[in-house]
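Subject: Structure handover

Hello,

Here is the structure I said I would pass on. My notes on what was found follow below it.

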Amino acid sequence: MSDQAKDQANKLRDMVRKRETAAIAAKERPSSAARVVTITSGKGGVGKSNLALNLGIQLRKLDMRVAVIDADLGLANIEVLAGVIPKYNFGDVVNSKLSLEQALTEGPMGIKFLSGGAGLTTLARLTDKQVMAVIGSLRMLDDMSDIILIDTGAGISKNVLSFISASSETLLVLTPEPTSMADAYAVVKSMKRETEPMPALKIIVNQVSCEAEGEEIFDKLNKVAEQFLGLQLQSLGSVPQDPCLGRAVKRQEPLCLSYPNSEAAKSIRKLALKLLNMDPEKSGMAAFLRRLSSGLGIRPV
Ligand SMILES: Nc1ncnc2c1ncn2[C@@H]1O[C@H](COP(=O)(O)OP(=O)(O)OP(=O)(O)O)[C@@H](O)[C@H]1O
Ligand SMILES: [Mg+2]
């Protein structure tokens with residue numbers, strides 16, 4: 001080979017190596033966009049708020065930066081369960097009294113809490129410009145979090161559907177009670193009808209007597225969804241009925257901190273691990289806000 005040909009071959013090899021290194025770096029570079037995960041249910045009282053809080057704790061233990069938004073407009077539950085007293089809520093951001101950063105409360109293990117308060121209902125009554133300014137401020141959460149968990153009220157109100165359709169993933173919680181199963185199916189049906197594209201839907205069966213019961217309940221729901229809606233659901237797993245949870249609620253301490261070795265805490269850790277493996281693609285607060293604003297019938301951010 002001539003010197004000139006060798007020179008060209010070396011240059012080519014160098015170029016390929018540089019491209020490969022750049023491709024690997026791009027793949028491994030952490031994206032600043034957080035995953036936005038909405039937690040919902042058909043029937044009330046199935047364990048959503050406890051799951052949101054404790055999933056948050058387990059994700060923190062896995063070194064994820066977590067923010068929890070309490071979007072249950074009726075009851076500010078999470079703060080009670082976590083034993084924190086937030087001074088402010090999202091309403092203060094909506095009224096331009098505070099920045100989002102000031103409205104956040106630091107919870108156990110450094111979880112960031114945002115209490116929805118009246119702010120989220122007021123959102124619909126603001127002008128487009130005000131709404132854009134307010135929800136634009138939520139973008140800050142993208143930089144401070146890897147995962148944003150949104151705890152909603154039960155049922156399929158317009159508000160809850162807005163959150164569901166704006167998120168990239170929805171965790172639907174149900175229990176082995178037949179009414180809970182019927183109500184969960186109603187949520188799946190509404191999601192199919194009202195959301196486009198439909199966010200990834202993952203099922204959690206709470207308060208099971210054993211893992212096999214959780215699998216059985218999931219299979220039943222999945223079969224009906226497949227038969228009548230043509231949908232294939234994904235299971236995130238189940239959490240057993242555990243007396244430690246009631247005790248933790250009374251102590252106003254998250255179960256995964258007060259009883260870290262309880263069966264329920266161990267199962268929630270499995271859910272957290274599965275959540276991280278299942279969908280590593282982060283879709284981001286910006287995407288969430290775009291979908292939320294279009295759901296509210298206003299121009300995209
Ligand atoms: N795995 C479990 N084991 C034992 N008890 C549980 C479990 N999960 C939930 N509970 C009980 O159910 C109660 C309601 O839980 P939680 O407040 O989390 O439900 P929710 O779905 O958020 O309710 P709501 O629809 O009112 O917001 C808890 O206080 C606890 O007593
Ligand atoms: Mg709740």
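Two residues are taken to be in contact if their C-beta atoms, placed from the backbone, lie within 7 Å. Axes are lines fitted to C-alpha atoms, for helices over the stretch in contact, and angles between N-to-C directions run from 0 to 180 degrees. Helices (H or I, at least four residues) and strands (E, at least two) are DSSP runs, numbered from the N terminus.

This is a predicted model, in which local features need pLDDT of at least 70 and side-chain atom pairs count only at pLDDT 80 or more, while totals for chains, interfaces and linings use all residues. Residues are numbered from 1 along each chain as its sequence is written, and chains are lettered from A and ligands numbered from 1 in the order in which they are written.

The sheet. Eight strands form an open sheet with mixed pairing, in the order β3-β4-β2-β5-β1-β6-β7-β8; two strands pair if DSSP finds at least two bridges between them. β3 (105-106) and β8 (234-240) are at the edges with a single partner strand each, so one side of each has no neighbour in the sheet. Strand β6 (residues 169-174) pairs with β7 in the parallel sense over six bridges. One of the bridge partners is K202 in β7, which partners L171.

The helices. Helix α10 (residues 178-194) lies across β1 (35-41), β6 and β7, at about 160° to β6. Helix α11 (residues 211-229) lies across β7 and β8, at about 140° to β7. The two helices, α10 and α11, pack at an angle of about 40° with their axes 11 Å apart. That makes α10 oblique to α11 (angles under 35 degrees count as roughly parallel, over 145 as roughly antiparallel, 65 to 115 as roughly perpendicular and the rest as oblique). In their contact, M181, A184, Y185, V188, K189 and K192 of α10 meet I217, K220, L221, V224, A225 and L229 of α11. The residues of this contact divide into nine nonpolar, no polar and three charged. Here Ala, Val, Leu, Ile, Met, Phe, Trp, Tyr, Cys and Pro count as nonpolar, Asp, Glu, Lys and Arg as charged, and the others, Gly among them, as polar.

The loops. E196 and P197 are joined by a cis peptide bond, with omega about 0°; P197 lies in the loop between α10 and β7. M109, in the loop between β3 and β4 (112-115), has a positive phi of about 60° although it is not a glycine.

Regards
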